[in-house]
Amino acid sequence: MNVNELKKELEQYEPTEEQCCAMKRRIQAGRMQKARRGKAVWRAGAAVCAACLIAAVGLLVSSSKQTANVPPGPVSAQESAGQSQVQILALGAGQEEKPQALQIGIEMPLGDYRLESSMTPGFPFVFQWELEGESGEVSVSKGSLLRWDRQTGQVTDAGKQVVCKNGETLYYSPLEGGQPAESDALTIRVAGERQSVLIQSREGTYFAKILPEEMQS
């Protein structure tokens with residue numbers, strides 16, 4: 001085969017311009033198809049991620065609602081019982097046998113102390129708490145505590161410290177060495193709980209108030 005014949009044979013394999021354009025179109029079509037497939041795959045993946053995110057948020061909200069709506073756990077008998085709540089009632093001036101509970105830091109006027117003209121042997125205090133079977137210990141620092149039997153009129157000096165029953169009335173006398181004390185501290189202890197009452201005299205009139213916790217002694 002001479003050179004001219006070989007050249008003719010090779011020219012048969014060279015693409016024409018029309019063949020080149022067709023080949024370019026096929027290549028572009030293939031690229032566009034791959035691009036569409038890639039976009040479809042990306043959209044599907046994004047949709048799956050969004051669905052997972054929505055489901056996770058829904059579970060989180062549901063879990064928070066369930067946590068918020070969970071009722072408190074059962075309270076033990078010891079927690080529900082707690083300590084007894086001591087209450088001290090006093091008969092203020094002009095109350096006419098209607099004792100009122102003393103308040104923290106709020107003075108209640110008890111009236112004047114005149115042993116010779118008083119209707120009672122002292123200022124009456126009633127001690128109450130929740131546990132009926134408990135006994136309380138009442139003490140004063142200067143005056144004395146009295147028991148008074150109204151039926152017989154008998155007055156018993158119980159001294160500066162006495163064990164009283166729930167609901168019992170004790171009478172406080174501010175006399176100390178024959179003279180009325182200007183101030184005194186009355187303390188009640190019941191089942192580990194303690195309350196102190198400050199009793200003060202101003203110009204012959206006595207006042208009582210429960211001391212705040214930081215002033216309890």
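Two strands pair if DSSP finds at least two bridges between them. Strands here are DSSP runs of E with at least two residues, numbered from the N terminus. This is a predicted model, in which local features need pLDDT of at least 70, side-chain atom pairs count only at pLDDT 80 or more, and totals for chains, interfaces and linings use all residues. Residues are numbered from 1 along each chain as its sequence is written, and side-chain values use heavy atoms, without hydrogens and water.

**Stop 1: the sheet.** Select S3, S14, S13, S12, S5 and S8, in that order. They form an open sheet of six strands with antiparallel pairing. Go to the edges: S3 and S8 (161–165) each have a single partner strand, so one side of each is left without a neighbour in the sheet.

**Stop 2: one pair.** Select S12 (residues 183–190) and S13. Their antiparallel pairing runs over eight bridges. Which residue of S13 stands opposite Leu186? Val197 does.

**Stop 3: the largest pocket.** A pocket is an open set of points on a 1 Å grid over the protein atoms alone, where a 1.4 Å probe fits, with protein on both sides within 12 Å along at least five of seven lines; lining residues have an atom within 4 Å of a point. Select Leu91, Leu110, Ser118, Met119 and Thr120, the closest to the centre of the largest pocket among its 21 lining residues. S3 returns here: S3 gives the most to this lining, with three residues.

**Stop 4: the second largest pocket.** Select Gln85, Val86, Ile104, Gln195 and Ile210, which lie nearest its centre. In total, 15 residues line this pocket. S1 (87–90) and S13 (193–202) are the elements that give two or more residues to its lining.

Definitions and conventions. Helices (H or I, at least four residues) and strands (E, at least two) are DSSP runs, numbered from the N terminus.
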